[in-house]
Structures are given as structure tokens and as C-alpha cells.
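Have the model open beside you as you read.

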Amino acid sequence: MSKTGHITERLSAYYDHELSPREQKQIAAHLDTCPACRAELEQLRALSRLLQESPMPAHITRPDQFVTRVKLRLPRRSSKTAWQRGIEAVWRLAPVGLIGSGAFIQAVAIVSGMLTLALRLGGEKSALLSVFPMVSSSTEPWLAEMLNMSSASLGELWKITYRCFQYGGPLGWGVTLRFIATALISLLYLTWMAMWWACSRHYRDYVNRHQSEQ
Amino acid sequence: MKTVIQDTSRNSSPDEAQKWGGNESHSDSELELIRQAQAGDRHAFGALICCHRERVIGVVYRMCGDIHLAEDAAQEAFIRAWMHLPKYRPEAPFRSWLYRIAINAALDVLRRERKTVDIDEIPLMTSKDGPEATMVQAEREEQIRQAVIALPDASRSVLVLREYEGLSYREIADVLGIPIGTVMSRLNYARKRLRAMLALYLEEL
């Protein structure tokens, strides 16, 4: 590549003052002696002037209209990560889950209580088992004891109660576990309520402070 | 000779702007607006749109050559900017970050519309000269506009940022995510093409 050709390639950068000072000087020196390169440079200047002759159209949307249009089209944006969104979903669903769990435990307790009461009142073993097929004596040992209660005298009740405790029946582990579970759920729910109240109060204070600053 | 177009900016995400080493410093008020907009404040983002609207429309207009398409592309650019704003880091110049989004939006809108410029859309010029001179001037402007649009996307982006926005080579390289050497070669190519296409008008100057 000739020296002149090399300079021609760099003439664009020279025109934009984007070369190093040394290169700028080199090309300036060359331009002093080369009419062809000077004409090239003049063409670049003329091109810039010509390009500026194409103005922006006058009929552009007014700034306020443009901003309104864009703002109307702005989608909802979540700056939270998937992990944060997951935690938030759990936080929001926590009371539903806790109330649901509590209600389920209470329902089981009520059904068990009714079953026990019905047996005490002398219900038929077979009839009860057909009504509550999911509760069998094999899976619920306490039921086996209860089913024998109909014929038992009141004097033997303490023995049955003792055996029920041994099996972990309704008066033993079953009741204890249900009591603990209900207490735990209530505690968690109250904790959630307290945290929710504290957060909403903090947010209210923040908003009030922000508004008063403005 | 055909220049190899390697527009890496088309495939890169705006959050790459984080690694840009721009020299432009944000004013405190703009920085505050950016922070508020990042937090989801639409009013703050509206103020940012007001500040940068004209320049963004200018860039996309030069890229599209049609004001209606340009306004669509500018709106699209601001919507994309809103979506990507949480990832934006103020170390990078906001204007450059926005230019990059705007150029990509303009090219996407052009590709989608594939609209040819209608000769009837040439804006009427208000001139002291008579109607004939006005028409000649309008045709001249149209020819210039068409010549710019006829450039390949990659060269046109560089030319628009240099000639109309006055960005330095470094800034153009940052906006488009290309080396400075590529900026120089693309600009050289664009100017050569334009000089050939507009030779008639250049002789008159």
C-alpha cells in the first residue's frame, strides 16, 4: 500500500481529530504537500455539511404527548429475583396455610371426638366402621379399645384409659400432638400477624416521611 | 469491496453497558431520577424521557429515515430502557446506554415494518425562496436521507452517532460494543459510500 493510500484511509480519523498527536502532525505535514489528499479532506468536510442539510421533520409529537404515550405503554416491572418472588409468595400464603392446617387438625379432632362419643353411647361397631372406613382398628389402636368400651363397665374405664395412653390414643399422644400442633400453628400465625403489622407500620412511616420531605 | 458487517451490538444485552468505561458524568439530579426510576417511579422515568427524548428520536430518525417509524422506535426504546433499567449501573453513561437501546429498537422496527419511504411524506420546507427552489431543496434533503438509509445497518449506526450526534470514536465503540478500529473502518466505508452516492451534490458545495 502506498504512503498516500495509507493516509487516505486514515484521513477520516484525521478529520475527526481521533488520531494521536503524532499521527495528526504526520498527516498534516503530508497534506501540505499533497493536493489530492487535501481535496479528499475537503470532500469529507463537504459531506458533513451536506448531511447537516437534512433536518429533523418539524412535525414531531409534543414532548408531553410523547411522554404520556410512553408511560401508558410501560409494562409492570418487577425488580425482584425469582428467589425473592418465591419468598414473597410463601409470606403471602403463610396465613392461609396456617389457618388451613389448624382447621384440618381441628376437623380431625372433632371427627375423632364424635366417633368416641358415639361409641360411648353404644354405637354399633360394624356400623361405625362402615361409616368411617378410613379409620380402622389396625391403623388406630385406640379405636380398638374404644370399640370394646360399649360392653365395658364404668369401673373398667380407667383400665381402658390407661391402655389408650399406652397406645397413644385420643387421650394420649394423639391429643398431646394435636394440642402441640394447634399451639404451634397459633404461635406462627400470631408471629406472622405481628411481623405484618410491624412491616406495614414501617412502610406507613416511610411513606409519610417521604411525603413530608417533598 | 464489500465491508464485512459484524454488528455485535445486536446480540448483546443492555446490561453490558455496566462494563463501559464512559467519561460522561451524570448530574446529581439525573442520577437521582435514574435511582427513582429504577425503584419503579414512573414520574421520574417520565422526567428522564423528557431529558433524552429529542436525542433518541434524532438517532432513530436518522436510522429509519421516517418520522413515524422513528417515533414508534423511540417509544419502543424507552419501554425497553424501562424494563432493563434495574440492571443499569450509573458507572456507564446513561446517554450511551440509551443510544444502544435506541439503535437496536430502530433496527428492529425497520425489520418489522419493512416500510419503504413514501415520496409524499417529504416534509414541506418553509423557505424564503419560491416553490421551485423549495422543491429542489426538498428533493436534495430526500436524496441525502435516502443515501443514509441505503447504508448497511452497521455502517449507518456509526455514521449517525458520529455525524449527527457528534460522539467520539471511543463513545461509539462503547455504544455499539465494537473495537475502535471497527468504528474507524465502518465510518470510512460509510463516508466513501455516501460520497459516491451524493457526488452530484458534493460538487456543488
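1. A salt bridge here is a side-chain nitrogen of Lys or Arg within 4 Å of a carboxyl oxygen of Asp or Glu. A:E40 and B:R195 make such a pair, with their closest N and O atoms 3.1 Å apart. This pair crosses between chains, running from helix α3 (residues 35–51) of chain A to helix α8 of chain B. Helices are DSSP runs of H or I of at least four residues, numbered from the N terminus.

2. Before going on, please keep in mind that this is a predicted model: local features need pLDDT of at least 70, side-chain atom pairs count only at pLDDT 80 or more, and totals for chains, interfaces and linings use all residues. Residues are numbered from 1 along each chain as its sequence is written, chains are lettered from A in the order in which they are written, and side-chain values use heavy atoms, leaving out hydrogens and water.

3. How many salt bridges does the rule find across the interface of chain B and chain A? It finds six, and the count over all chains comes to 19. Another pair to look at is A:E18 with B:R162, whose closest N and O atoms are 3.9 Å apart.

4. The contact (heavy atoms within 4.5 Å) takes 38 residues from chain A and 50 from chain B. About 4300 Å² is buried between the two chains, 60% of it from carbon and sulfur atoms; buried area is the accessible area (1.4 Å probe) lost on putting two parts together, summed over both.

5. Which helix gives the largest share of the side of chain B that touches chain A? That is α2(B), with 11 residues.

6. Helix α2 of chain B (residues 42–64) deserves a look of its own. Its end C-alpha atoms span only 28 Å, whereas a straight helix of 23 residues would span 33 Å, taking 1.5 Å times one less than the number of residues. There is a kink of about 55° in α2(B), centred on B:H52; the bend is the angle between axes fitted to the seven residues ending there and the seven starting there. Just after α2(B), B:G65 has a positive phi of about 80°.

Key: Helices (H or I, at least four residues) and strands (E, at least two) are DSSP runs, numbered from the N terminus.
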